[in-house]
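I opened my notebook to go through this model piece by piece. Here is what I looked up, in the order I got to it.

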Amino acid sequence: MTEGTTSLYKESDIQIRIGEDSFILHKGESIFDLLLRQERIFLSFCGGKGKCGRCRIRFLQGIVYPSSADRIFLTAEEIRRGVRLACTARPTGVCRIELLLEEKKESKIISGYQLDEWKTKGENENWPKNVIAVDIGTTTLAMQLIDTSSGEILAQFCRMNPQRSYGPDVISRIEADTRGEGERLNRLILREVEAGIKEMLLQLQEQTVVIAIAGNTTMQHLFLGFSTRSLGEYPFQPLDLSKKEFELCGIPTVFLPGISAFVGADIVAGIYALRMCQASKEKKATLLIDLGTNGEMAIGNGDKLLVCATAAGPAFEGRGADSLEGTDRIKLIATLLEEGILDASGLLADPYFEKGYPYKNTVITQEDVRAIQMAKAAICAGIKILMREYPLRPDEIDQVYLAGGFGYYLDTQKAARIGLIPDELCEKSKAVGNTSLMGAYLYGRNPGAATEVEALVALAEPINLAEQPGFEQIYLESLDF
Ligand code: FES
């Protein structure tokens, strides 16, 4: 038996066999709960709520009745063969199952950024020889080992954030932490980061290396082992956002500071990488939009800096391995609009309204379109509020940077077409990729970065969009494509 000794078992416990291993399922638990507990995680996208259809298993013995979620996500043939969703399967007797979902831990390298523009070559005796830059995203963990004298990327490590089995967004992680899963969430990400570091260290001999980590506030709290409870309830206060220095795998490590519950070290790293606060008084403002799971934004220059986050959700990131990448979704929606298959209010024409529009090897449904519509309205309304509060006219904005996992590949014309960014700013928009990773690298490389970054954190004024007068109205006006 894999778990404990027989004396710990209750009568109501059920024996489950997965391959050669035997586990105990406690009363009321689903197979998904068991897999989470055993950290045999797989990448669900709904966190075990029966809404994504990803947690497939097959009963080889002791089959359970199909649930309503099974009937939605599985074909009659699959159900007949014993396939079920783990999160709705609650066996009442001994059973044997196999896991069907491959553990797609490896994620596409979506960490590209325009390093050439920023990288400074040449030895500097104050710089460490190498930096391991880490960006802990809600969806993706991206790491790079960079030689500071050449700017060359020596190794990359990019994985799905293993916490994703608890759900796709920060709210699901905060809920899991509040339910008492904090230690496991912490262990999952820590283990993955350490695995990345160990893999990268194989590339180095006796050279100096430092680690610099950025990530949103929830990721930072979970990584550092802080409770996230206060991030999930009003007044949404972080426990501690100051810079943290410690050792990981025996290497000096720094976690960059953050600004607020909603604007974390990842945005701080982005602002630093883009040198937004180095602008002089004469220089116009720049706008940074991070199209990650949370849609954070920053606008300003060295004199004034406003920051905010929107509830964009993971709409731009796709639902999983078979679904479209965010860039493709935006392109497809722009094309459907141009071809009249989608109207400005976001309705798919018949016959696609019911069954969705087939594209590549997947289908974009009315629900997907709605999710994108709400996400882009939230971003667009956020930009408008920031410009109003600053206040700034479009001509006073010098450049708009679109960052995030897929920011680098984003077609800014298409993004403007769907109304993600106001038309007036389209010409000034530039996709810059993962600026959080970029900022972490620069922070690790430059010994002077700490002072500069502390100053920009002090300068930043967080804006709570939901509390801004007229936000609702602007959001509703931004919904149409
Ligand atoms: S359906 Fe999403 S985890 Fe089971």
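**Ground rules**

I am working with a predicted model, in which local features need pLDDT of at least 70 and side-chain atom pairs count only at pLDDT 80 or more, while totals for chains, interfaces and linings use all residues. Residues are numbered from 1 along each chain as its sequence is written, and side-chain values use heavy atoms, with hydrogens and water left out.

Buried means under 20% relative accessible area, exposed means over 50%, and partly exposed is in between (1.4 Å probe, protein chains only). Contact means heavy atoms within 4.5 Å.

**Cores**

I began with nonpolar cores, meaning sets of buried Ala, Val, Leu, Ile, Met, Phe, Trp, Tyr and Cys residues joined through side-chain atoms within 4.5 Å. The largest one has 63 residues, and Ile136, Val193 and Ile271 have the most contacts inside it. Which helix gives this core its largest share? Helix H7 (residues 265–273) does, with seven residues. A second, separate core has 50 residues, including Leu336, Leu337, Leu342 and Phe481. As a general reminder to myself, nonpolar side chains tend to be buried together in soluble globular proteins.

I then went back to Val193. Not counting residues up to four places away in sequence, Val193 touches Val134, Ile136, Leu141, Met143, Phe223 and Leu248.

H7 got its own check: nine of its nine residues are buried, so H7 is largely enclosed by the rest of the structure. Among the buried ones are Asp266, Gly270 and Tyr272.

**A sheet**

I traced an open sheet of six strands with mixed pairing, in the order S18-S17-S12-S13-S14-S19. Strands count as paired if DSSP finds at least two bridges between them. At the edges I found strand S18 (429–433) and strand S19 (460–462), each pairing on one side only. From one strand to the next, the twist averages 20°. Such angles run from 0 to 180 degrees between N-to-C directions, with axes as lines fitted to C-alpha atoms, for helices over the stretch in contact.

Strand S17 (residues 397–403) runs parallel to S18, and four bridges join them. Tyr401 stands opposite Lys430 in S18. Helix H14 (residues 449–459) lies across strand S14 (305–309) and S19, at about 40° to S19.

**Rings**

I counted rings of Phe, Tyr and Trp (its six-membered ring) as pairs if their centres lie within 6.5 Å; planes under 30 degrees apart are stacked, over 60 edge-to-face, and the rest tilted. The structure holds six such pairs. Tyr234 and Phe236 pair edge-to-face, at 6.0 Å centre to centre and 85° between the planes. Tyr234 is exposed at 66% relative accessible area, and Phe236 is partly exposed at 29%.

Next came charges over rings, where NZ of Lys or CZ of Arg is within 6 Å of the ring centre and within 35 degrees of the ring normal. Lys304 lies over the face of Tyr390, 5.0 Å from the ring centre.

**Loops**

Is Ser30 buried or exposed? Ser30 is buried, at 2% relative accessibility, in the loop between strand S2 (21–25) and helix H1 (31–37). Beyond four places in sequence, its contacts include Leu25, Ala86 and Arg90.

Lys129 sits in the loop between helix H4 (115–118) and strand S6 (130–136) and is partly exposed at 26%. The C-alpha atoms of Lys129 and Thr208 are separated by 5.3 Å, although these residues are 79 apart along the chain.

Most residues other than glycine have a negative phi, and most peptide bonds are trans. Asp350 and Pro351 are joined by a cis peptide bond, with omega about 5°. The bond from Tyr390 to Pro391 is also cis, omega near -10°. Phe236 has a positive phi of about 50°, and Arg275, which follows H7, has one near 55°.

How values were computed
Helices (H or I, at least four residues) and strands (E, at least two) are DSSP runs, numbered from the N terminus.
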